[in-house]
Amino acid sequence: MFGLNKIIPTNSNYDFMKLKNYFIYLSIFLIVISVFLLSFRGLNLGIDFKGGTLVEVTTKTSDIGELRSVLSPQFNDVSLQEFGNSQTIIIRLQNNSNEESIETINKVKDLINDKVEEFRRSEFVGPTISSELLWKGLQAISFALIAILFYIWLRFEWQFGFGAVVALTHDVLFTLGVLSLLKIDFSLASIAAILTICGYSINDSVVVYDRIRENLRKYKKLDMKELFNISINNTLSRTVMTSLTTLIALFSLYFLGGEVIRPFAFAMVIGVIVGTYSSIFIAVPTLLLFQFRPQDDE
Amino acid sequence: MKNYPLWKSLIVFLVIFSGIIFSIPSILYQEDTENWFLENKINLGLDLQGGSYLLLEVQSDVLFKEELENISDSIRLISRNFQINLTDINIQDDQISFRFMNSLKLEDIRKEFMKNYNNVNIVINNNILKVIINDNFKKSIRESALKQSLEIVRKRIDESGTKEPLIQRSGKNRILLQLPGVKDPERIKELLGKTAKLTFHMVDDEDQTSLHSNKAPFGKLIVSDFYDSTTKYLVEKKSRVGGENLIDAKGSFDPQQGHAVSFRFDTTGAQKFGKATSENVGKRFAVILDGVVITAPVINSAITGGSGIITGNFTSQEAADLAVLLRAGALPAPLEIIEERSVGASLGSDSIDAGKIASIIGMIFVCIFMILIYGIFGLLASISLIINLFIIIALLGIIGATLTLPGIAGIVLTIGIAVDANVLIFERIKEEFSKKTKTLSAIKNGFDKAMSTILDANITTLIASLLLFVFGSGPIKGFSITLSLGIFASMFSAIMFTNFLVYLWFSFSKKKEINL
């Protein structure tokens with residue numbers, strides 16, 4: 001219809017396996033950089049995980065400097081940032097003890113009350129809670145990895161589980177690397193994004209794996225690389241289609257969903273792109289490490 | 001429609017029909033109603049409707065310390081009776097150690113002490129006796145403190161006039177508070193920030209030496225004044241009567257004294273108060289609130305009516321708040337606010353609007369894209385996607401789930417991912433066509449072969465989503481709910497509904513070939 005379906009590859013016959021080494025090196029390079037960024041630059045942890053105070057206001061004058069000049073002398077570690085437009089400003093304060101911080105919100109409100117049209121939200125996260133949230137987030141991600149590995153092991157052979165988790169780890173590290181590079185606020189929603197990326201990445205790998213499993217039964221004598229190529233090409237149009245529709249939805253969320261949800265949408269966009277890439281260039285080549293024949297032949 | 005079994009058609013119709021019907025309350029009605037049908041509407045989370053979320057921690061450490069103080073008093077009394085000199089007392093976290101002049105009668109002291117206490121461990125080492133609160137005791141202290149605090153917090157919040165508050169325990173020693181519509185929780189925080197422990201003590205104005213040396217003798221206590229912390233009072237440690245005997249308190253105004261709180265005791269309280277005042281005419285009694293003296297008037301005559309007023313330099317709001325606190329009763333231990341999130345109503349409604357627009361625009365583009373790529377099949381998938389959205393909304397309403405901002409993100413994401421199952425099926429059908437399979441069997445094979453992939457792919461996403469539900473807090477749980485429901489709904493709509501539409505279309509168009 002309209003000739004547009006040509007952009008989605010049908011009956012393609014690309015030789016992915018021939019290119020795999022280039023992409024594996026590219027991925028290793030990118031992952032090393034990501035790990036490097038994560039260890040030395042770190043994530044820009046928001047108050048959910050670092051503790052502290054956040055106040056979002058809309059100002060009467062759109063003058064961020066005016067607010068800064070009032071607040072800076074009063075607090076050691078205050079940062080102000082425009083949020084979406086010049087009228088909306090986010091004020092972040094570092095953590096003191098619990099009692100102090102609770103009063104901090106009041107103090108900030110009193111100081112800028114006359115310059116502010118509306119206090120849109122205020123958040124305070126105490127030190128006990130922030131470390132708990134971080135710990136729970138890490139727990140959720142680790143359990144997700146283990147549970148997914150286990151499920152794939154149950155449904156496929158364990159080698160597939162390994163391959164899928166390698167691809168998944170690749171996607172998560174890369175996404176975190178990008179978040180670190182661009183200093184994007186890392187909040188509770190980011191943990192949700194990471195876990196969803198896990199789900200999406202696995203989803204993509206599983207579709208290819210499913211086809212590999214099917215083809216392993218169908219073409220009993222075929223060379224493994226050739227079989228992988230066929231399987232990837234078989235599923236390529238689906239992989240591209242689903243990524244595109246998901247990206248369409250995510251871009252809609254990114255541009256229209258409002259300022260608060262934007263970091264989440266951004267992380268997801270990165271994750272979906274890298275997840276699509278890895279399901280082809282990481283998840284499948286990893287399987288070459290293992291011998292599926294003849295012992296796994298049915 | 002001979003190719004599609006009747007029972008399946010019926011299920012499809014039933015689900016779609018209820019999906020559309022039950023999404024009506026959430027889509028069309030904003031107001032709360034009592035109607036059984038309209039009640040099935042989506043609850044908005046605090047981040048969407050505006051309101052405050054507070055997490056409070058009961059400071060049970062204070063109670064352990066209080067308990068240790070009691071133990072200390074009891075041991076001091078016993079050792080005095082046995083005429084053994086205590087040289088040192090040392091309190092640490094959950095234990096207290098007493099150093100005696102000698103180790104002669106420590107066993108006797110222990111026996112005597114154990115008559116009243118059985119939840120402690122006692123260790124005797126030479127001339128040191130150590131009392132340790134055991135874990136069971138701690139647990140029961142913590143548990144009862146949490147229960148009492150919950151009750152008091154509920155009373156105070158009710159008194160403050162907040163509508164539909166949600167107050168529940170969270171973990172071992174925390175209380176979670178959701179206050180819809182409360183934009184600025186200042187007053188609530190103030191109400192919860194005081195333990196409001198009110199006690200009446202007799203003041204000892206004779207023993208000035210103790211007061212000046214700042215060292216209270218046994219059974220006495222030095223307390224400072226609320227308004228002027230340099231003013232100290234020496235009072236009896238044991239209170240004559242306390243806030244637990246109050247039955248009413250009100251803010252009042254007295255032309256001479258200004259704003260005040262008038263109170264009334266129950267019968268026991270009235271008796272105690274009457275006795276204390278009649279025995280001590282001419283002396284002073286101190287009204288102590290949370291460890292400081294608010295006022296210490298001289299008793300002019302016995303007060304037997306069981307009512308009185310507390311004066312101080314109150315504003316009318318302070319007097320009213322104090323009355324609320326006294327009516328609700330004292331917290332067993334201080335509460336610390338460890339997390340607070342407040343969202344104004346305008347940010348909430350902005351978020352809802354943005355979420356709606358993002359969902360609708362996202363959906364339109366996904367549909368256009370699908371139609372461009374798959375033609376008539378794309379159109380069928382788009383219809384299926386719209387139905388999918390209705391089902392999600394209906395499910396959210398029926399299970400009474402709370403929709404949060406991340407929850408909206410979950411819905412938008414679902415719109416993108418939901419077509420995946422359709423794409424898997426269409427691609428399979430395409431493959432079957434390229435093998436020159438007959439149209440109908442190509443469709444059947446396509447659906448059948450895609451099934452196991454669809455299941456595997458969706459179950460892995462569900463795993464991630466469920467873990468988010470288990471470990472996520474508040475708003476994030478909302479995301480995992482919409483995502484999980486979205487996955488279920490999309491599996492239904494792709495496997496059952498699109499399938500149905502495809503067969504329906506074929507039986508009408510009677511085409512032999514299809515351009516996919």
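Q: How are H12(B) and H14(B) oriented to each other, roughly parallel or roughly perpendicular?
A: Keep in mind that this is a predicted model. The axes of H12 (residues 405–434) and H14 (residues 474–509) of chain B cross at roughly 25°. Angles under 35 degrees count as roughly parallel, so H12(B) and H14(B) are roughly parallel to each other.

Q: And what distance do the axes of H12(B) and H14(B) come within?
A: The two axes come within 8 Å. The crossing of H12(B) past H14(B) is right-handed.

Q: What kinds of residues make up the contact of H12(B) with H14(B), by class?
A: There are 17 nonpolar and 9 polar residues in the contact, and no charged ones.

Q: OK, switching to strands. Is S2(B) enclosed or open?
A: Strand S2(B), residues 51–58, is largely enclosed by the rest of the structure, because 8 of its 8 residues are buried.

Q: Which residues of S2(B) point which way?
A: Gly51(B), Tyr53(B), Leu55(B) and Glu57(B) point one way, while Ser52(B), Leu54(B), Leu56(B) and Val58(B) point the other way. Both sets are buried. As background, side chains in a regular strand alternate between the two faces of the sheet.

Q: Which way does S8(B) run against S2(B), parallel or antiparallel?
A: S8(B), residues 174–180, runs antiparallel to S2(B), and 7 bridges join the two. One residue pair to look at there is Leu56(B) with its bridge partner Ile175(B).

Q: How many bridges are there between S2(B) and S18(B)?
A: 8 bridges, again in the antiparallel sense, with S18(B) covering residues 335–343. In S18(B), Glu340(B) is the residue opposite Leu54(B).

Q: Let's zoom out a bit. What domains does chain B have?
A: Chain B is divided into domain 1 (6–48 + 346–509), domain 2 (61–138) and domain 3 (197–316).

Q: While we're on chain A, how many helices and strands does it have?
A: Chain A has 10 helices and 6 strands. Of its 298 residues, 45% count as buried. Along the principal axes, its C-alpha atoms fill a box of roughly 80 × 50 × 30 Å.

Q: Back to chain B. What is the strand order in the open sheet with S3?
A: The order is S3-S4-S6-S5 in chain B, with antiparallel pairing across the 4 strands. S3 (86–92) and S5 (120–125) are the edge strands, each pairing on one side only. Neighbouring strands there are turned by 15° against each other on average, direction ignored.

Q: How many bridges join S5(B) to S6(B)?
A: 6 bridges join S5(B) to S6(B), residues 128–133, and the two run antiparallel. Within that pair, Ile124(B) stands opposite Leu129(B).

Q: What about Asn126(B), where does that one lie?
A: Asn126(B) is in the loop between S5 and S6 of chain B. Its phi is near 55°, a positive value in a residue other than glycine. For context, most residues other than glycine have a negative phi.

Q: Is Asn126(B) buried or exposed?
A: Asn126(B) counts as exposed, because it has 10 C-beta neighbours inside 10 Å and the cut-off for exposed is 12 or fewer.

Q: Which loop holds Asn214(B)?
A: Asn214(B) is in the loop between helix H7 (208–213) and strand S10 (220–224) of chain B. Its phi is positive too, about 60°, although it is not a glycine. Asn214(B) is exposed, with 9 other C-beta atoms within 10 Å.

Q: Last topic: which strands form the open sheet with S13 in chain B?
A: The 3 strands are in the order S13-S14-S17, with antiparallel pairing. S13 (246–254) and S17 (307–314) stand at the edges with a single partner strand each, so one side of each is left without a neighbour in the sheet. The twist averages 25° from one strand to the next.

Methods: Residues numbered from 1 in each chain as written. Chains lettered and ligands numbered in written order. Predicted model: local features only at pLDDT ≥ 70, side-chain atom pairs only at ≥ 80, totals over all residues. Buried ≥ 20, exposed ≤ 12 C-beta atoms within 10 Å, placed from the backbone. Pairing = 2+ DSSP bridges. Axes fitted to C-alpha atoms, helices over the stretch in contact; angles between N-to-C directions. Parallel < 35°, antiparallel > 145°, perpendicular 65-115°, else oblique. Left-handed = near helix turned anticlockwise from the far one by under 90°. Nonpolar A, V, L, I, M, F, W, Y, C, P; charged D, E, K, R; others polar. Domains from an automatic or database assignment.
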